[in-house]
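Keep the picture at hand as you read.

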Amino acid sequence: MKTVAFPAGEVVPALGLGTWRMGERAGERDREARALARGLDLGMTLVDTAEMYGDGGAERVVGDAIAGRRAEVFLVSKVLPYNASAAGTVEACERSLRRLGTDVIDLYLLHWPGSHPLEETVSGFEHLRRDGKIRLWGVSNFDTAGMDRLAAVSGDCQTNQVLYNPARRGVEWDLLARCACRSMPVMAYSPLEQGRLDPGGVLGRVADRHGATPMQVALAWCMRDGRTIAIPKASSVHHVEENRAADAIALTDADLAELDTGFPPPRGPEPLDIL
């Protein structure tokens with residue numbers, strides 16, 4: 001499994017498990033937990049969730065999946081912006097910990113910029129870290145200006161989780177480089193555009209050459225630079241196993257050039273894409 005390092009030195013798999021849209025239907029809970037558990041079996045031990053997903057339901061699914069094997073897992077969750085005051089961040093994290101059935105979250109993110117000053121949110125993060133309830137913290141859905149504002153408050157941010165896939169390349173203009181200069185990887189959410197990437201055309205042609213699926217090629221593309229963690233959501237064992245195989249795909253320079261023709265890189269600054 002390819003790996004990526006955070007500034008603090010923690011090394012994690014470049015291919016993890018997303019949980020957005022999980023925990024929304026009680027009848028799917030066991031199937032979703034089995035899918036996550038299979039991902040852990042296959043080395044996809046970074047699990048990303050959030051208090052927002054399924055109104056806490058996704059965290060409960062994750063809790064089911066990691067029960068009895070917490071030590072294997074690098075656990076990521078997120079606080080909603082309207083909860084992210086200094087005290088509210090602490091309270092939200094404690095609720096997440098109860099749903100997850102654990103004492104500590106490895107990486108705790110601010111889900112997107114909100115109305116609470118960053119100083120307050122960072123104060124909450126540091127309080128949680130001192131108390132041993134989180135190990136590291138970061139942000140999500142921050143544009144370049146937002147990352148610059150955050151850097152003026154603290155240099156301890158470990159990652160920025162953003163929408164990134166072949167059809168959503170705006171972050172390549174300056175945000176990825178800004179993070180890289182701080183030795184900070186990004187986490188790519190919806191790396192398969194929630195299944196909406198066109199499986200034909202250039203993705204299909206590259207996939208045929210590698211004996212792979214177009215979605216596996218898209219995941220390999222996201223991980224190509226060694227500084228990006230892809231967190232696709234998969235709620236079935238088969239889908240998890242299919243995603244895991246993407247780690248073995250080595251895209252060539254010719255592949256990447258061809259993918260650029262179908263999914264052109266940005267030619268100028270673009271507003272941050274958000275789903």
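What follows covers a helix pair, then the pockets, then a cavity.

This is a predicted model, in which local features need pLDDT of at least 70, side-chain atom pairs count only at pLDDT 80 or more, and totals for chains, interfaces and linings use all residues. Residues are numbered from 1 along each chain as its sequence is written, and side-chain values use heavy atoms, with hydrogens and water left out.

Start with helix α4 (residues 118-130) and helix α5 (residues 144-153), whose axes come within 10 Å and cross at roughly 60°. That angle makes α4 oblique to α5. (Under 35 degrees counts as roughly parallel, over 145 as roughly antiparallel, 65 to 115 as roughly perpendicular, and the rest as oblique.) The crossing of the two is right-handed. On the α4 side, L118, E119 and V122 make the contact, and they meet R149, L150 and V153 of α5; contact here means heavy atoms within 4.5 Å. Sorted by class, four residues in this contact are nonpolar, none are polar and two are charged.

Rolling a probe the size of a water molecule over the atoms shows where empty space is left. The search runs on a 1 Å grid over the protein atoms alone: a cavity is a set of points where a 1.4 Å probe fits but cannot get out, a pocket is an open set with protein on both sides within 12 Å along at least five of seven lines, and lining residues have an atom within 4 Å of a point.

| Pocket | Volume | Lining by class |
|---|---|---|
| Largest pocket | about 340 Å³ | eight nonpolar, seven polar, three charged |
| Second largest pocket | about 160 Å³ | seven nonpolar, two polar, five charged |

The largest pocket has 18 lining residues, and S190, Q194, G195, P232 and K233 lie nearest its centre. For the second largest pocket, 14 residues form the lining, with G170, D174, E270, P271 and L272 closest to its centre.

How many cavities of 30 Å³ or more does the structure hold? There is one. The largest cavity holds about 50 Å³ of space. Its lining consists of L176, C179, A180, M184, P185, V186, D225, R227 and T228. Helix α6 (residues 175-180) gives the most to this lining, with three residues. By class, the lining of the largest cavity has six nonpolar, one polar and two charged residues.

Definitions and conventions. Axes fitted to C-alpha atoms, helices over the stretch in contact; angles between N-to-C directions. Helix = DSSP H or I, 4+ residues; strand = E, 2+ residues; numbered from the N terminus. Left-handed = near helix turned anticlockwise from the far one by under 90°. Nonpolar A, V, L, I, M, F, W, Y, C, P; charged D, E, K, R; others polar. Points joined across faces, edges and corners; volume = space filled by probe spheres on them.
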